[in-house]
Amino acid sequence: MPDINELQDFATQVRRDILRQVHKVNSGHPGGSLGCTEFFTALYQEVMEHNTNFNMDGKDEDLFFLSNGHISPVFYSVLARSGYFPVEELNTFRLIDSRLQGHPTTHEGLPGIRIASGSLGQGMSVALGAAQTKKLNKDKHIIYTLHGDGELQEGQNWEAIMYASGNKVDNIVSTIDLNGQQIDGSTETVLPLGNLKAKFEAFGWDVMEIEDGNDLQQVIDGLKEAKTRTGKGKPVCILMNTVMGHGVDFMMHTHAWHGKAPNDEQLETGLSQNPETLGDY
């Protein structure tokens, strides 16, 4: 396993990848991607037992499902730099006939992608199906998911959350990215989510929190702790506090960069705050 300094370098390079991907095509979602860089780095580089020799069945390995698929830039970067496909392919982000579309899809056959996740609110349902399949197959591996906080305004999530506990789906760890921002403003302004810890607990989940989801060590420790809580009769939820746009000062703490690309000058500023560590594509 890489040490914490190597993981920090990985995360810094991923931030550069995010900025460069969305800048090149003047479209994409940098804010949430930057905020979840530590999560993806921890998951794919340290915590999850996964196989880069990709197979859609995913037998005998942990699986990850991204529900808020618009943060594809961070997902693609981490998949590429973890060995799923050539890093140079990041150059094709959002181009016609590319395997790296704005929202991940499966028909292009991109390694690492198991569901199309452009429509919010559906990831939990798909992941529960995979989790129950692993149980039927007597596969002891875990399903990991990521969801946006604004995404929880979709009702289908709560049906799935209720189903998970009601059926004791205890081989799933679902992380909620609590950055408090969504496309039209803050979640508090658009539609307040209330006390999510109390809600998940009322729905029968084991709930834990990561105080600073942009502290790589905290995320690693949190994900490892969550893994120890699986297999005990309850699904596990992590409430992870992050800052949208983290790592690029002018993108932080605002919904403005939910789905907006930096111009040339802004790109240079962002890259200067995230020096090249592993080599640009």
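Which residues in H4 are buried? In this predicted model, the buried residues of H4 are Ser 72, Pro 73, Val 74, Phe 75, Tyr 76, Ser 77, Val 78, Leu 79, Ala 80 and Arg 81. Burial here denotes a relative accessible area under 20%. Because 10 of the 10 residues of helix H4, which spans residues 72–81, are buried, the helix is largely enclosed by the rest of the structure. The cover over these buried residues includes helix H1 (4–25), helix H2 (30–35) and helix H3 (37–47), together with strand E1 (63–66). After H4 comes Gly 83, which has a positive phi, near 105°.

A wider view of the chain is given by its annotation. The unreviewed UniProt entry places the feature "domain: Transketolase N-terminal" at residues 12–267.

The pockets may be considered next. The largest pocket holds about 270 Å³ of space. Its lining consists of 21 residues, and His 70, Leu 120, Glu 151, Gln 182 and His 258 are those nearest the pocket centre. By residue class, the lining of the largest pocket comprises 13 polar, 4 nonpolar and 4 charged residues.

The second largest pocket contains about 200 Å³ of space. Its lining includes Lys 134, Lys 135, Lys 138, Asp 139, Lys 140, His 141 and Ile 142, as well as Asp 170, Asn 171, Thr 230 and Gly 231. The lining of this second largest pocket divides into 6 charged, 4 polar and 1 nonpolar.

Note on methods:
Residues numbered from 1 in each chain as written. Predicted model: local features only at pLDDT ≥ 70, side-chain atom pairs only at ≥ 80, totals over all residues. Heavy atoms only, no water. UniProt positions renumbered as here; feature names shortened; annotations may be inferred. 1 Å grid on protein atoms, 1.4 Å probe; cavity = no way out; pocket = protein on both sides within 12 Å on 5 of 7 lines; lining within 4 Å. Points joined across faces, edges and corners; volume = space filled by probe spheres on them. Nonpolar A, V, L, I, M, F, W, Y, C, P; charged D, E, K, R; others polar. Buried < 20%, exposed > 50% of the residue type's maximum accessible area, 1.4 Å probe, protein only. Helix = DSSP H or I, 4+ residues; strand = E, 2+ residues; numbered from the N terminus. Contact = heavy atoms within 4.5 Å.
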